[in-house]
Amino acid sequence: MADLNTDVRYIKGIGEQRAKALGKLGIATLRDLISYFPRAYDDRTQLRRIADLVPGETAGVAAMVASPPTISHIRRGLDLVKLRAVDDTGTLDVTFFNQAWLKNNLHQGETYVFYGRAEGSLFRRQMSNPVVEPEGRREITGRIVPIYPLTAGVSQLILSRSIRQGLTACADILPDVLPDQVRREHQLCRIEYAYENIHFPESAEALDLARRRLAFEELFLFTIGLDRLRQRREVVHVPPCGGVDMEPFYSALPFTLTDAQRRCVEEALADMRSGTPMNRLVQGDVGSGKTMVAAACVYFCVKNSRQAALMAPTEILAQQHYHGLAPLLENLGIRCALLTGSTSAKTKKSIAAQLESGEIDFAIGTHALITGSVVYQNLGLVVTDEQHRFGVAQRADLAAKGDHPHILVMSATPIPRTLALILYGDLDVSVIDQLPPGRQPVETFAVTSRYHQRVYNFIRKLVGEGRQAYIVCPMVEENEELPDERKAVTEYAKKLQAEVFPDLKVAFVHGKMKPKEKDAVMAAFAAHETDILVSTTVIEVGVDVPNAAVMVIENAERFGLSQLHQLRGRVGRGKHQSYCILISDNQNEETRQRLKVMTKTSDGFKIAEEDLRLRGPGDFFGQRQHGLPGLKVADLGCDTKLLQEAQEAARKLLAEDPDLRTCPATAERIQALFTQAADTLN
Ligand code: ADP
Ligand code: MG
């Protein structure tokens, strides 16, 4: 008897050659085959009357062939079969290209279903190359037809036939990984029904049931799997950190930490005292003061006689952290060093030596921190800033520099907690849900490009008062899709310099510049050597120029809400009232709604939730290579409620039966899904 790991080539009706074609789609086993889900469906169930066909729309009609089909050979390689079909409401002219056999297969007086794109006019309705079959034997019309992602050499037909064979082959061997009790409690259909109807839905309702069940299953397994990862992690023991008097640190700060910052610090310190490695994500809105939470942890760690490292995604951010933290921490007896790509070879060597000997307590830098030659004497804590810019592998490299160092990840992408759980795998999450006192919210406006002149005047006024401005455009170079020069940073900056602000200093920066050039431009802006910085989203991440008071975003419709929020976070960091101006000519209702959200709220979490609601989780996932196993059907944006339900069910099961003894199929599946994932997840 076959099992789900059977090679597809051994499945009846598939064979060597088709197996090879399927292989191109990543389908190797029976499980792969039946889990190759449609990307969409074509609902062919509804038939229309001929009179109701609308040219340009795809639809089906049941019509009788009124005259014997004719065939004409136009030229070599082009045969046309033509016929006229009728129903009570009208006539339809049907043409088939190069399907000569149809001449003898379609008979006058018989009724067939024709499914295709209606053409012609309302007076002369036509279809070319429709799908056709006898009314009494509807296999490919009259159904909701799956549409699979394809590759060269594999057609929809081949796929649906193969999958049909696959489903037949595993009719009796599909293990149900959902325990019966869970299935009943959550009104989920059986596994056979789910697989059958996700591929070949009997009806729209059946498809919904199938989808719901499979999505639930994924989220359920996922939740249990994550729980397992957490437990696995806790098996590691490290010497617990001892208590440290934090007072000297707190008194050295120029301000009092907010309650939220204090809470996050407490949570992190508790982790480090626990005897198992910390794996914590600190999430906080832009400007919520994540850096100081990290600094507190560094202080705690170093006072426990271990080294700490802070890794930032760009040189400029690393420098910024160094200049912000080193004076404070040096005063407290912590020896700091900056190590980046542009550190001279000689300095690098000396820093590396001091890290190895333990003379340096705290290293701040870019990925230079994790290059092979750098060795730490006793690395106890690794902090990564703005983590979504880092690959999982890089973080793992850094962690490997110590013996299970504590890991603190700081992220400025506020995301709903459920999603955080999934996105960040097995990290514990702390949230800084409070801004330091006295912040003035950034005043935000959404306008059309008719306001450009007024926006320029406004920038001029603010620069006159000593402030600086950012102008963000979404594209680096011109391309055909975007002929407007405004969208091209370089051109736009030149134009602004020459025509609008000849007396001011306009600089530009974009992602295609060399890191050194980029950093130089950013540094000049930070030092107020330039007034206006035209840029792409490269400035999105963490840069702190408190004197910048206005952020203009061109073609704002091209950005996601969370991204707009990040960009806006670049201003309002100093004592000056700051402004964000979103320019968009897009009249699309959804766009207007999104931009309105920006003008109404400055709460990053609210914005993220709205973003998720409006656009789905693609953006959150897009920036990150994730190793999320087995989420094919579940849509994290739309299925939030289902996720909660599945999480509840998983927790309940784990509470009753932590080792999953009562449901071996579940345990086995999770084992299979998560063995690989454990290495790629955070
Ligand atoms: P982010 O969370 O965006 O990384 P930062 O750590 O860069 O925020 O902090 C933003 C600014 O707020 C910095 O200038 C920092 O010195 C200041 N700051 C941080 N915490 C406080 C606080 N509790 N009170 C006042 N200012 C603070
Ligand atoms: Mg920051």
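Is cysteine 264 buried or exposed? Cysteine 264 is buried, with a relative accessible area of 0%. Buried means under 20% relative accessible area, exposed over 50%, and partly exposed in between, with a 1.4 Å probe and protein chains only.

Some ground rules. This is a predicted model, where local features need pLDDT of at least 70 and side-chain atom pairs count only at pLDDT 80 or more, while totals for chains, interfaces and linings use all residues. Residues are numbered from 1 along each chain as its sequence is written, chains are lettered from A and ligands numbered from 1 in the order in which they are written, and side-chain values use heavy atoms, leaving out hydrogens and water.

The overall picture next. The chain has 23 helices and 23 strands. These are DSSP runs, numbered from the N terminus: helices are H or I with at least four residues, strands are E with at least two. Of the 682 residues in the chain, 53% are buried. Take the contacts with a separation of 6 or more: 73% of them join residues 24 or more positions apart. Contact means heavy atoms within 4.5 Å.

A disulfide here is a pair of cysteine sulfur atoms within 2.5 Å. Searching the whole structure turns up zero disulfides. Cysteine 580 is also buried, at a relative accessible area of 0%.

Helix H9 covers residues 259-273 and helix H10 covers residues 290-303; their axes come within 9 Å and cross at roughly 35°. Axes are lines fitted to C-alpha atoms, for helices over the stretch in contact, and angles run from 0 to 180 degrees between N-to-C directions. On the H9 side, the contact includes Cys264, Val265 and Leu269; on the H10 side, Ala296, Cys297 and Phe300 are among the residues. By class, the contact has 10 nonpolar, one polar and one charged residues. Nonpolar covers Ala, Val, Leu, Ile, Met, Phe, Trp, Tyr, Cys and Pro; charged covers Asp, Glu, Lys and Arg; the others, Gly among them, are polar.

Seven strands form an open sheet with parallel pairing, in the order E13-E14-E12-E15-E16-E11-E17. Two strands pair if DSSP finds at least two bridges between them. The edges are E13 (336-339) and E17 (428-432), each pairing on one side only. The twist averages 20° from one strand to the next. Five bridges join E15 to E16, and threonine 384 has valine 409 of E16 as its bridge partner. H9 packs on this sheet, touching E11, E15, E16 and E17, and its direction makes about 160° with that of E17. Helix H11 (residues 315-331) lies across E12, E13, E14 and E15, at about 170° to E13.

Now the other sheet. Six strands, again open and parallel, run in the order E18-E23-E22-E19-E21-E20. Its edge strands are E18 (443-447) and E20 (506-509). Neighbouring strands are turned by 15° against each other on average, direction ignored. Four bridges join E20 to E21, with phenylalanine 508 opposite valine 534 in E21. Helix H15 (residues 452-464) packs on this sheet, at about 160° to E23. Helix H17 (residues 515-526) lies across E19, E20, E21 and E22, running at about 140° to E20.
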